[in-house]
Amino acid sequence: MAKSSNSPALIADLGSIIEELDKRGRLVRVLSEIDPKLDLAGVAAKFEGGPKAVLFENVKGYDHPVFMGLYWSRELLGDIFSRPAADLPQHISDCIGKWQANPVDPVVVKDGPVLEITERAVNLRKLPAPTHAMKDAGPYLDAAVVIAKDPETGVRNASIQRFQVVNKNTLAVNIDAGRHLELYLEKAAKLGQPLPLTINAGVGPGLHFAAAAPAEAAPADRDELGIASEIHGAPLELVRGINSDVEMVANAMYALECEITPGETINEGPFAEVTGYYASNDKRPKVRVLKVHRRKNPVFHSILSGAEVYNSVGLLGEANVLSLLRQQVPGVRDVYFSHGG
Ligand SMILES: Cc1cc2nc3c(=O)[nH]c(=O)nc-3n(C[C@H](O)[C@H](O)[C@H](O)COP(=O)(O)O)c2cc1C
Ligand SMILES: [Mn+2]
């Protein structure tokens with residue numbers, strides 16, 4: 001399906017983005033067999049920060065490719081948004097502002113590409129999740145958007161958390177203090193219920209930025225998926241799952257229906273963080289995976305810890321500080337976060 005270069009469908013769909021990057025000469029296709037354990041991240045690191053993203057087409061031991069590099073160059077990201085890179089923080093800030101004033105809620109549709117295949121049995125070992133760094137505890141899903149619902153109010157939340165693959169149907173999740181997912185888990189614990197969630201892997205940058213929007217911009221009582229609708233210029237499409245009332249992203253590459261029982265933990269980490277240091281191993285929430293849905297030909301999206309994370313978190317930080325400063329200081333033109341920031 002051809003999509004024009006600046007149609008909302010491009011930003012909203014990772015498959016279209018990969019096709020378009022290829023057409024624009026911004027995709028390196030790695031055809032040699034690459035081991036997802038360490039080698040893949042090592043090869044990706046050679047391209048980090050450059051003008052091209054990388055598609056590993058022949059991942060050793062797996063049927064599906066791995067994509068990296070969507071966020072390591074602002075210029076590449078600008079190209080996807082059909083805007084100069086320097087305008088991106090302002091653009092995202094404007095979208096968040098419009099959403100705050102007048103949200104376009106997501107819509108639940110009957111069907112979507114992520115429902116093309118529902119695996120008969122859950123086996124996370126079939127996901128080509130790479131192991132990035134030598135001391136990482138195992139393979140990780142590090143680019144997926146989590147959707148959950150407030151157990152009391154039903155308000156949806158979107159966030160990005162890293163998930164370690166522990167065994168064929170178990171993940172361990174790192175939820176930093178103060179995250180809305182932590183709040184939801186506390187509420188579920190009080191009600192004596194498990195917390196259902198969906199993990200949506202392989203999505204476009206509009207949804208990525210919506211999920212990563214800081215709590216100051218997107219408070220707990222607002223469905224921040226609407227930010228994605230605003231960035232896309234069309235309501236975000238969701239589909240229903242089987243195990244709970246928490247929806248999944250209709251055009252994600254993969255969607256996992258999961259459940260956390262409050263208080264159940266399992267060891268997570270170490271994991272090489274964006275800072276260049278390892279996050280330590282500790283007991284963290286245990287995630288039971290109940291269903292795996294995917295496209296017929298999915299691409300596994302991974303984010304290389306480093307410039308990609310600085311860029312995507314930094315861009316949102318800049319967008320947020322810019323809008324706060326503008327309310328207080330007339331004439332502020334721009335904000336830039338250094339990588340240390
Ligand atoms: C690539 C990337 C990885 C992230 N990893 C984590 C993580 O492992 N744990 C976490 O709590 N937050 C992580 N974050 C930050 C949260 O996603 C972000 O703060 C988000 O706003 C949290 O959503 P909330 O405000 O709804 O709690 C990550 C962000 C990005 C962009
Ligand atoms: Mn939130």
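**Ligand shell, helix packing and strand pairing**

In this predicted model, the shell around ligand 1 draws at least three residues from each of domain 1 (8-93 + 303-328) and domain 2 (105-298), the domain bounds being taken from an automatic or database domain assignment. Residues are numbered from 1 along each chain as its sequence is written, while chains are lettered from A and ligands numbered from 1 in the order in which they are written. Because the model is predicted, local features need pLDDT of at least 70 and side-chain atom pairs count only at pLDDT 80 or more, whereas totals for chains, interfaces and linings use all residues.

Ligand 1 is surrounded by 19 residues, the closest being Ser159, Ile160, Asp176, Arg179 and His180; a residue counts as near a molecule or strand if its C-beta atom, placed from the backbone, lies within 6 Å of it. At least two residues of this shell come from each of strand 8 (156-160), helix 6 (180-191) and helix 9, where helices (H or I, at least four residues) and strands (E, at least two) are DSSP runs numbered from the N terminus. The shell comprises 10 nonpolar, six polar and three charged residues, with Ala, Val, Leu, Ile, Met, Phe, Trp, Tyr, Cys and Pro counted as nonpolar, Asp, Glu, Lys and Arg as charged, and the others, Gly among them, as polar.

Helix 9 (residues 307-328) also packs against helix 5 (residues 88-101), at an angle of about 65 degrees and with the axes 8 Å apart; axes are lines fitted to C-alpha atoms, for helices over the stretch in contact, and angles run from 0 to 180 degrees between N-to-C directions. Among the residues making this contact are Ile92 and Ile96 of helix 5 and Leu315 and Leu322 of helix 9, two residues being in contact if their C-beta atoms, placed from the backbone, lie within 7 Å. By class, the contact has eight nonpolar, four polar and one charged residues.

Four strands form an open sheet in the order 1-2-3-18, with mixed pairing, and strands pair if DSSP finds at least two bridges between them. Strand 1 (27-30) and strand 18 (300-301) are the edge strands, each pairing on one side only. Strand 18 runs parallel to strand 3 (residues 66-68) over two bridges, and within this pair Phe300 is the bridge partner of Val66.

Elsewhere, strand 9 (residues 163-167) pairs in the antiparallel sense with strand 6 (residues 140-141) over two bridges and with strand 10 (residues 170-173) over four bridges. Strand 9 and strand 10 form a hairpin with two residues between them, in which Val165 stands opposite Leu171.
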